[in-house]
Amino acid sequence: MPDRIYLDNAATTSLDPRVLEAMMPYLTSHYGNPSSIYSYGRESRLAIENARKSVAKILNAHPAEIFFTSGGTESSNTAITAAVRDLGCKHIISSEIEHHATLHTIQYLQQQGKVWVSYVRLLAGGDLDMQHLEQLLAESKEKSLVTLMHANNETGNMADLNITGELCKKYGAVFHSDTVQTVGHFSFDLRKTPVDFITGSGHKFHGPKGAGILFINENIKIAPFLQGGSQERNMRPGTENLYGIVGFAKALEIGTANYEADSNYIKSIKFYMIEQLQKNIKGISFNGNPLYNSLYTVLSVNFPKTDKSEMILYNMDINNICVSGGSACSSGADAGSHVMQAINNNADQVTVRFSFSKYNTKEEIDIVLEKLTGMI
Ligand code: PLP
């Protein structure tokens, strides 16, 4: 039996050894400041610009549209704040199931009296009601920012960036999408996708933590979020996270090169778990649409609430199985999941999110299932 079974890959992933190898020189011998003008600094600058070119090529964007940041949270804060401050958006259209990086930024701007906010209605399975989105756009008297995620990190449900983007174009709205759960896991063609801002975070696809990107469409001109130096073409001050940037690009290269094989493999693990859960555990259900338009990495499961099942997360931890909770209501300090409250506010269920990576095996799923049956 392995020491630990890690099924929380939507929270973070382990570093791919090839990513560590690519980062290593910049963690050790190549530590020159990319802003230094001597050759030792210029070598660091070259590594960053090569990383930018590689990321841009993979996403089919221009290198000038890719800005390196500290991750998804900073990227979304930058985009949303800039849309209000620099692009004249006074109305934000979002959903209640966004990540807190988005929700808390919107709420902060709302509290400051800078915007008013509308939330798109959700359909039964947790997808967005696109008719309602169109209605909100059509009725808006002010320029809108639409900020809607590409894939939900709790349910795995995916939205169609093209459909949302076309609607935004039709009504002259700015479109930001939190693509943290999909960059590195799916292919992107940003030249053909009607989106103004997207985000990415290296640690979600076997890259380093604290390294991300913000894509800003070349047609958009914004001011920086932070004040300071002139790094990232005056858009993101601060000495660059050199090894993080190199690692981000390498992880994206690996994820893209192995997309077919890895995604099919991970999907087979997810589907195996669905099948085995249905076979072995009575009364379970799944959140979202696990079989279609869904992240192949995420499976959100509801277990009937009993004295025993309420202790699932605790018992999983004791058994060295790493998973996330996600119940609508929970006891103690944890406020519960705002996503589950919005889509499935059922106090009689205990929700567990299992999320998979290329490093998981069916044998691990078998062990988890065997342990789970004793915990229900
Ligand atoms: N958005 C989504 C959907 C996420 O899952 C996460 C990570 O938990 C974030 C944003 C935040 O990304 P980061 O950890 O890079 O700040």
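Trainee: What makes the seven-stranded arrangement an open sheet, and in which order do the 7 strands run?

Mentor: In this predicted model, the 7 strands line up as β2-β8-β7-β6-β5-β3-β4 with mixed pairing. The edge strands, β2 (66–69) and β4 (116–119), each pair on one side only. From one strand to the next, the twist averages 20°. Strands here are DSSP runs of E with at least two residues, and helices are runs of H or I with at least four, numbered from the N terminus.

Trainee: How do you know that β2 and strand β8 pair?

Mentor: Two strands pair if DSSP finds at least two bridges between them. β2 and β8 (residues 212–216) have 4 bridges in the antiparallel sense, so they count as paired under that definition. As one example, Phe68 has Ile213 in β8 as its bridge partner. In general, strands of a sheet pair through backbone hydrogen bonds, either parallel or antiparallel.

Trainee: Good to know! Before we go on, which ground rules apply to the numbering and the model?

Mentor: Residues are numbered from 1 along each chain as its sequence is written, and side-chain values use heavy atoms, without hydrogens and water. As this is a predicted model, local features need pLDDT of at least 70 and side-chain atom pairs count only at pLDDT 80 or more, while totals for chains, interfaces and linings use all residues.

Trainee: What does helix α4 lie across, and at what angle does it run to β4?

Mentor: Helix α4 (residues 100–111) lies across β3 (91–94), β4, β5 (144–147) and β6 (174–177), at about 145° to β4. Helix α6 (residues 161–170) also packs on the sheet, touching β5 and β6, and its direction makes about 155° with that of β6. Such angles run from 0 to 180 degrees between N-to-C directions, with axes fitted to C-alpha atoms, for helices over the stretch in contact.

Trainee: Why is Val19 called buried?

Mentor: Buried means under 20% relative accessible area, exposed over 50%, and partly exposed in between (1.4 Å probe, protein chains only). Val19 has 0% relative accessibility, so it counts as buried. This residue of helix α1 (residues 17–27) touches His206, Gly207, Pro208, Gly247, Lys250, Ala251 and Ile254, leaving out residues up to four places away in sequence. Contact means heavy atoms within 4.5 Å.

Trainee: Why is Asn60 called partly exposed?

Mentor: Asn60 has a relative accessible area of 34%, so it is partly exposed. Asn60 sits in the loop between α2 (39–59) and β2, and its phi is near 50°, a positive value in a residue other than glycine.

Trainee: Is Asp178 buried or exposed?

Mentor: Asp178 is buried, because its relative accessible area is 6%. Asp178 lies in the loop between β6 and β7 (197–201), and its contacts include His99, Met149 and Thr199. The Asp178 side chain also reaches the backbone nitrogen of Val180 at 3.0 Å.

Trainee: What makes that a polar contact?

Mentor: A polar contact is a pair of N or O atoms within 3.5 Å; within protein, one must be able to donate a hydrogen and the other to accept it, and residues adjacent in sequence count only if both atoms are side-chain atoms. At 3.0 Å, the Asp178 and Val180 pair therefore falls within the limit.

Trainee: Which residues surround the ligand?

Mentor: Among them are Thr73, Asp178, Val180, Ser201 and His203; near means a heavy atom within 4 Å. A polar side-chain atom of Ser201 lies 2.5 Å from a ligand oxygen.
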